[in-house]
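Biologist: Could you walk me through a couple of residues in this one, and then whatever pocket there is?

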Amino acid sequence: MDTAFFPTFYSKFMDSTPLLTREEEIELSKDVHGKCNKKSKKAIDKFVESNIKLAVKIVVDEFSWFSEKQDLVSEAVLGLQQAAKNYDAKFGAKFSTYSAYYIRRKRSEEHTSELQSRFGISYAV
């Protein structure tokens, strides 16, 4: 995967942060939905850091034609954050599977708003 165009901020996480085990996902999910905001924020950050490779892979594989890849990765990170906030491990899905939807959805939302602002289109087909 050619990641030369990504800032070193993302590269740091891609190279050094291992994927989460199923047990870690369950614990982090509990932390996200717990009452402690500080613990919740740390859990969300851990989900994002551990899955940044997935976000980059989706961007490279599905949006390679798009010139502003750094913007796409930023949008993908926002999708990861949203997925982490909504993820509940008790339903049995792995976080990577669950978050892939949010990464793609975030790009779709951005694409729709670009069409609306550029061309005055009120819907995307």
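This is a predicted model: local features need pLDDT of at least 70, side-chain atom pairs count only at pLDDT 80 or more; totals for chains, interfaces and linings use all residues.

Biologist: Where does S50 sit, then?

Modeller: S50 belongs to helix α3, which covers residues 37-50.

Biologist: Is S50 buried or exposed?

Modeller: S50 counts as buried because its relative accessible area is 4%, and the cut-off for buried is under 20%.

Biologist: Which residues is S50 in contact with, apart from its sequence neighbours?

Modeller: Once the neighbours within four places in sequence are set aside, S50 is in contact with T17, P18, L19 and L20. For P18 there is also a polar detail, in that a polar atom of the S50 side chain lies 3.5 Å from the backbone oxygen of P18.

Biologist: And the largest pocket, what lines it?

Modeller: The lining of the largest pocket includes S50 itself, along with L19, L20, N51, K94 and S96 among others. Two or more lining residues come from each of α2 (22-32) and α4 (52-62).

Biologist: What volume does the largest pocket have, and how do its lining residues divide?

Modeller: Its volume is about 170 Å³, and the lining divides into three nonpolar, four polar and four charged residues.

Biologist: Changing topic, what about R104?

Modeller: R104 is in helix α6, residues 95-119, and is partly exposed, with a relative accessible area of 37%.

Biologist: Which residues does R104 contact beyond its sequence neighbours?

Modeller: Beyond four places in sequence, R104 is in contact with I58 and E62. The C-alpha atoms of R104 and V59 are 8.7 Å apart, although the two residues are 45 residues apart in sequence.

Technical notes. Residues are numbered from 1 along each chain as its sequence is written. Side-chain values use heavy atoms; hydrogens and water are left out. Helices (H or I, at least four residues) and strands (E, at least two) are DSSP runs, numbered from the N terminus. Buried means under 20% relative accessible area, exposed over 50%, partly exposed in between (1.4 Å probe, protein chains only). A polar contact is a pair of N or O atoms within 3.5 Å; within protein, one must be able to donate a hydrogen and the other to accept it, and residues adjacent in sequence count only if both atoms are side-chain atoms. Contact means heavy atoms within 4.5 Å. On a 1 Å grid over the protein atoms alone, a cavity is a set of points where a 1.4 Å probe fits but cannot get out, and a pocket is an open set with protein on both sides within 12 Å along at least five of seven lines; lining residues have an atom within 4 Å of a point. Grid points are joined across faces, edges and corners, and a volume is the space filled by probe spheres set on the points. Ala, Val, Leu, Ile, Met, Phe, Trp, Tyr, Cys and Pro count as nonpolar, Asp, Glu, Lys and Arg as charged, and the others, Gly among them, as polar.
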